[in-house]
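Please read it alongside the sequence and the 3D view.

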Amino acid sequence: MKKYIFGGLFYLTIIAFSSFAWLKQGDDASFNQEFLDLINQTRTKGCKCGGTWYPPAPPIVWNNDLEEAAKDHAKDMARKSYFSHESKDGRTMNTRIVTAGYQFKGWKSFMIGENIAFGQTSIPEVMAGWFKSEGHCRNLMNPGFKEVGVAEYNKYWVQDFGGRVPFTEEQQKLIKSGKYRLIQKDPGS
């Protein structure tokens, strides 16, 4: 009888854990989508950042590597009680983003940016603050940024942006044939 009770409890635990994991995944998806919706609503209309009008920009998409970089930085700031684009250990945004897997090698062009905030309690609140801040707004409206990842940890918010442009098919053929020479510079230098 104990076997059946233990087996039943084990089975219920697995179901409960699986359900929790599925719900958490759903929460992440809605978190991501809410950010994308708020960013892209403004990008499609254009907006004024400080005294400068920024015309409509193409929609931005979610990137999991940028999200990982944002999560790591938000957690680091919360755990070590600081608020800065530079980590306490000296890592810069460039280092954190590339280390998280957002690579520049193999792309025609590469750019990154970051917005941080502290204290806001909701996505609409943090987004409103970023759009009211000229520098943050410029990042949000920059047409060169094509991807974003965002995280919140204990009211520390990090939004990491990326923009990579691939080589054209013709350029790829020229590179493979050796007729096109690449000069690559590490974005962290």
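The points below are grouped by topic. The model is predicted. The structure contains seven salt bridges, and several of them are described here.

**Strand β4 and its pairing**
- Strand β4 spans residues 109–118, and seven of its ten residues are buried, so the rest of the structure largely encloses this strand.
- Strand β4 runs antiparallel to strand β6 (residues 156–165), and ten bridges join the two.
- Ser109 has Val165 of β6 as its bridge partner.

- Glu114 and Arg96 form a salt bridge through their side chains, at 2.8 Å from N to O.
- Glu114 and Arg96 are both buried.
- Glu147 makes a salt bridge with Arg164, and their closest N and O atoms are 3.6 Å apart.
- Here too distant parts of the chain are linked: Glu147 belongs to strand β5 (residues 147–153) and Arg164 to strand β6, 17 residues apart.
- Glu147 and Arg164 are both buried.

- The side chains of Lys80 and Asp76 form a salt bridge of 3.0 Å, N to O.
- Both residues lie in helix α2 (residues 64–80), four residues apart, which is about one turn of the helix.
- Lys80 is partly exposed, at 43% relative accessible area, whereas Asp76 is buried, at 11%.

Conventions. Residues numbered from 1 in each chain as written. Predicted model: local features only at pLDDT ≥ 70, side-chain atom pairs only at ≥ 80, totals over all residues. Heavy atoms only, no water. Buried < 20%, exposed > 50% of the residue type's maximum accessible area, 1.4 Å probe, protein only. Pairing = 2+ DSSP bridges. Salt bridge = Lys/Arg side-chain N within 4 Å of Asp/Glu carboxyl O.
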